[in-house]
Amino acid sequence: MDRNQLIGIVLILAMLVGYQLLVPKPVPPKQAATQTQTTKPTTASSATAGISKGDSARQPIDSAAVKAQFGDFAAVATGQARDIVIENKAIKLTFSTRGGRVKEVILKDYKTFDQKPLVLIDESSSQTVLNLPTKRGAVDLHELYYQTTTQSGTVSGQPQQIVFRAEVAPGQSVEQVYTIPAEGYVLDYDLKLNGLNNTVANGNVQFFWEDKMRQYENDLGNNRKAATINYLTADESFEKLTESETSQEATVEEPVQWFTIKHKYFLAGFVAKNSPFQKASFKTLVDPADSSVVKTAIADVTLPIADINAGKGQYKFFYGPNDFQLLGNVAPEFDQNVYLGYSILKPINKYFFVPVFNFMGKFITNYGLLIIALVVFVKLILTPLTYKSYISMAKMRVLQPELNEMKERVGDDMAKQQSEQMKLYQEVGVSPLSGCVPVLATMPILFALFMLFPNLIELRQKSFLWASDLSTYDAFIKFPAIPFIGSHLSLFTVLMTISSIAYAYYNNQTTPTQPGPVNMKAMSYVFPLMFMFVLNSYPAGLTFYYFVSNVVTIAQQLLIRRFVDEDKIKAVLDENRRKNAAGEGKKPGGFQALLQKQLAAAEEARKQADEAQRRVKPKNK
């Protein structure tokens with residue numbers, strides 16, 4: 001392995017380890033102190049404080065208490081709850097006439113890691129409060145009983161509306177209108193107040209949502225780290241609570257356009273169509289002792305009362321997968337819920353890997369074979385860079401006898417060795433960076449994939465060979481937890497490590513030894529072992545990609561080697577030497593010229609130091 005490839009490997013390792021251990025996650029603005037208890041919304045109703053209870057757990061109250069609690073809304077504060085089930089091709093929704101709200105959402109095309117129906121929300125895990133300010137205090141509209149003429153059924157063809165209406169008094173009512181599409185995961189939601197101007201007080205409507213996030217994937221720790229709340233401010237600044245296994249919270253004074261309660265691969269979100277939410281606070285709470293809940297997510301936002309009074313209280317609910325291909329049309333910047341890497345890497349994933357991956361998915365249904373096809377496609381694109389890197393190594397091999405002779409001539413003086421080496425490179429027209437640049441140019445692709453694969457829902461529960469799910473690690477061997485390794489060993493990670501060592505061995509056989517105090521060839525075997533510990537818990541799809549990439553790279557270089565004549569390369573270098581000696585060659589430029597100038601200055605400084613030392617010795621005698 002030459003120095004140029006070593007630079008590339010060291011930078012990759014530094015990036016991976018730094019990402020894992022050293023790089024702190026960005027802290028959202030106006031971050032407040034972490035709390036460990038769930039806070040309830042401020043409300044005039046004592047019944048609202050118990051939002052964690054389902055309909056069946058609510059205690060009946062007498063008419064006087066109802067009147068005292070609900071005031072003008074007492075007429076619709078009692079009744080009989082009824083469920084309406086509406087489904088389309090993608091989701092199954094259960095609405096309740098108590099609250100006129102979504103009670104349960106099942107994503108029909110997905111299962112949990114243990115193959116149970118994927119229930120995104122239900123009344124035991126997800127509770128909401130919709131506080132309307134009135135002149136007698138706040139009234140929770142999700143405590144009222146609504147009427148609807150809609151019956152359970154399936155949406156086909158045209159979208160279907162379901163209207164929940166609470167008749168407060170003649171000519172006075174509250175309406176919640178949901179529009180369910182025939183396909184997709186977006187529900188349009190309208191909140192209307194009819195004839196209630198004399199009842200409603202000044203102040204905005206409070207929407208409070210608490211969701212005890214269920215575990216849908218096999219790795220609880222990884223789930224907790226990924227679960228968070230994302231939101232977009234009115235100036236289209238995408239923010240999120242820090243992704244970690246600890247509680248987080250943020251208070252946002254500026255308007256917010258939307259927020260999402262984000263699982264690793266799924267979202268439940270609320271979007272403002274017109275005026276944004278005026279204020280918002282978000283929390284994610286973690287109880288390490290409770291393994292039944294990934295995190296408790298809490299969102300508390302205010303809906304402008306002016307919009308609702310004017311008939312513009314229009315919003316959207318999104319219940320569905322965190323799939324980049326589906327999110328672009330939901331709301332501005334909504335696709336940022338899928339993390340595609342740092343800003344410098346995001347375009348590579350957004351405009352290349354995601355489109356190519358989904359295009360190939362139309363023709364290749366086996367995702368293991370799709371990954372192989374993706375590797376081959378990328379390697380074909382990078383063939384010119386691979387060829388250039390190989391030619392650079394071939395030039396170094398041709399020059400190796402002269403470099404060995406030079407080393408014997410100048411001895412162990414490293415500065416002298418480097419100076420003579422640069423002179424040789426100038427004579428034959430070789431740039432020391434010609435092999436490094438192609439290696440560095442491929443690094444953004446490796447980093448982009450490192451960010452993309454853990455967030456790619458297309459790999460979720462897609463099996464290949466022994467891996468039942470390419471979106472998580474393949475636990476080929478399980479054992480008690482070991483520091484730095486965990487409680488399993490991923491076979492794809494082991495194969496990736498073996499292929500990396502094989503690639504290092506191949507390079508060491510074809511790359512001349514570089515001068516220096518460290519045995520670089522030995523180090524090239526150490527780095528793959530270090531990577532194995534880093535990537536052991538990463539998705540099997542990622543480590544399989546790296547494994548296939550190593551195998552294809554070795555095959556690619558063996559093929560290139562058959563078409564490269566090193567005798568011709570030596571002849572070209574000798575011709576360059578002749579031209580430079582005759583003054584016909586090009587002068588070095590750019591980095592090579594700068595480096596040569598610095599080495600010459602260092603050599604001159606060394607000569608002056610030697611001369612000064614010789615002058616001092618006679619005096620000492």
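Predicted model: local features only at pLDDT ≥ 70, side-chain atom pairs only at ≥ 80, totals over all residues.
Reader: OK, and what do the side chains of R98 and E143 meet in?
Author: They meet in a salt bridge, at 3.2 Å from N to O; the term stands for a side-chain nitrogen of Lys or Arg within 4 Å of a carboxyl oxygen of Asp or Glu. R98 lies in the loop between β2 (91-96) and β3 (101-111), while E143 lies in the loop between β6 (137-140) and β7 (153-154), so this pair ties together parts that are 45 residues apart in sequence. Helices (H or I, at least four residues) and strands (E, at least two) are DSSP runs, numbered from the N terminus.

Reader: How many salt bridges are there?
Author: The count comes to twelve. Another of them joins the side chains of R460 and E217, at 2.9 Å from N to O. R460 sits in the loop between α10 (436-452) and β20 (475-482), and E217 in the loop between β11 and α3, so that pair ties together parts 243 residues apart in sequence. R460 is buried, at 4% relative accessible area, and E217 also counts as buried, at 6%.

Reader: And how exposed are E167 and R165?
Author: Each is partly exposed, with a relative accessible area of 37% for E167 and 31% for R165, and their side chains meet in a salt bridge of 3.0 Å, N to O.

Reader: What about K295, where is that?
Author: K295 is in the loop between β17 (280-285) and β18 (296-303). K295 is buried yet has no salt bridge, and the nearest side chain of opposite charge, that of E243, is 7.8 Å away; for charge, Lys and Arg count as positive and Asp and Glu as negative, whereas His and the chain ends are not counted.

Reader: Which backbone oxygens lie by a polar atom of the K295 side chain?
Author: The backbone oxygen of R224 lies 2.9 Å from a polar atom of that side chain, and the backbone oxygen of S244 lies 2.8 Å from one.

Reader: Switching topic, how many aromatic pairs are there?
Author: A search of the whole structure finds 39, counting rings of Phe, Tyr and Trp (its six-membered ring) whose centres lie within 6.5 Å, with planes under 30 degrees apart called stacked, over 60 edge-to-face and the rest tilted. F207 lies in strand β11 (residues 205-212) and F270 in strand β16 (residues 266-272), so the pair ties together parts 63 residues apart in sequence.

Reader: And why is the pair of Y216 and F266 edge-to-face?
Author: Their ring centres are 5.9 Å apart and their planes stand at 85 degrees, so the pair is edge-to-face. This pair links distant parts of the chain, with Y216 in the loop between β11 and α3 (220-226) and F266 in strand β16, 50 residues apart. Y216 counts as buried at 3% relative accessibility, and F266 counts as buried at 0%.

Key:
Residues numbered from 1 in each chain as written. Heavy atoms only, no water. Buried < 20%, exposed > 50% of the residue type's maximum accessible area, 1.4 Å probe, protein only. Polar contact = N/O pair within 3.5 Å; in protein donor to acceptor, adjacent residues only side chain to side chain.
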